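Subject: Structure handover

Hello,

Here is the structure you asked about. My notes follow below it.

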Amino acid sequence: HHWVVVTTGLDDVLVHTLARAADGTLFAGTSGKGVLRFSPRSSGWVRLQHGLKDHEGMVENFIRVLAIDRDHSIFAGTFDGGVFRSADGGGTWRPISRALPNDSIRGIVLIDQGLIVGTGNGIFKTVDKGRQWIPLNKGLTNLAVQVLMVSEGGALYAGTSAGVFRSD
């Protein structure tokens with residue numbers, strides 16, 4: 001394998017997460033620079049102009065995780081500002097996690113009817129775009145979730161500060 005650099009516009013920026021849209025556009029979630037976009041037809045990364053603004057108008061620039069659903073909505077989980085959703089390819093974002101008990105987002109898993117997020121204090125599911133968040137923490141003896149993933153069979157895996165848990 002031979003690697004080539006694709007960092008024009010991303011020089012010296014810490015990238016925590018990458019997501020690829022159906023049309024080949026890449027999105028990078030960064031530490032301090034928000035979300036940047038790299039389209040197949042462009043020569044470099046472009047920082048999205050309209051950042052992730054929370055309810056108080058503060059912009060969240062520390063992005064830990066990105067996910068794109070089949071309706072092409074982009075979800076961004078931030079270090080301590082909750083979850084944001086963009087329905088227009090990253091053009092505009094809105095916060096969807098006001099009702100979420102913990103704003104440190106460590107994982108996002110897309111499910112048919114909504115999404116599941118792993119936080120610094122447990123796992124929560126929303127099926128109504130963030131109006132309500134249902135805790136999924138029964139049997140989870142460590143709530144400090146670090147990473148969340150789903151298997152092809154639908155089993156959910158949570159990596160925590162005390163090992164891995166599975167839910168079917």
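Which strands each supply at least two residues of the lining of the largest pocket? E11 and E12 do. Strands (E, at least two residues) are DSSP runs, numbered from the N terminus, as are helices (H or I, at least four).

Before the rest, note that this is a predicted model, in which local features need pLDDT of at least 70, side-chain atom pairs count only at pLDDT 80 or more, and totals for chains, interfaces and linings use all residues. Residues are numbered from 1 along each chain as its sequence is written, and side-chain values use heavy atoms, without hydrogens and water.

Strands

E12 covers residues 114-119, and five of its six residues are buried (under 20% relative accessible area, 1.4 Å probe, protein chains only). Strand E11 (residues 105-111) runs antiparallel to E12, with six bridges joining them; DSSP must find at least two bridges for two strands to pair. Within that pair, Gly-107 stands opposite Gly-118. Two residues separate E11 from E12 in a hairpin. E12 is also joined to E13 (residues 122-126), antiparallel, by five bridges.

Largest pocket

A pocket here is an open set of points on a 1 Å grid over the protein atoms alone, where a 1.4 Å probe fits, with protein on both sides within 12 Å along at least five of seven lines; lining residues have an atom within 4 Å of a point. The largest pocket holds about 400 Å³ of space, the volume being that filled by probe spheres set on the points, which are joined across faces, edges and corners. It is lined by 17 residues, and those closest to its centre are Asp-69, Ile-111, Asp-112, Gln-113 and Gly-114.

Regards

Technical notes: Buried < 20%, exposed > 50% of the residue type's maximum accessible area, 1.4 Å probe, protein only.
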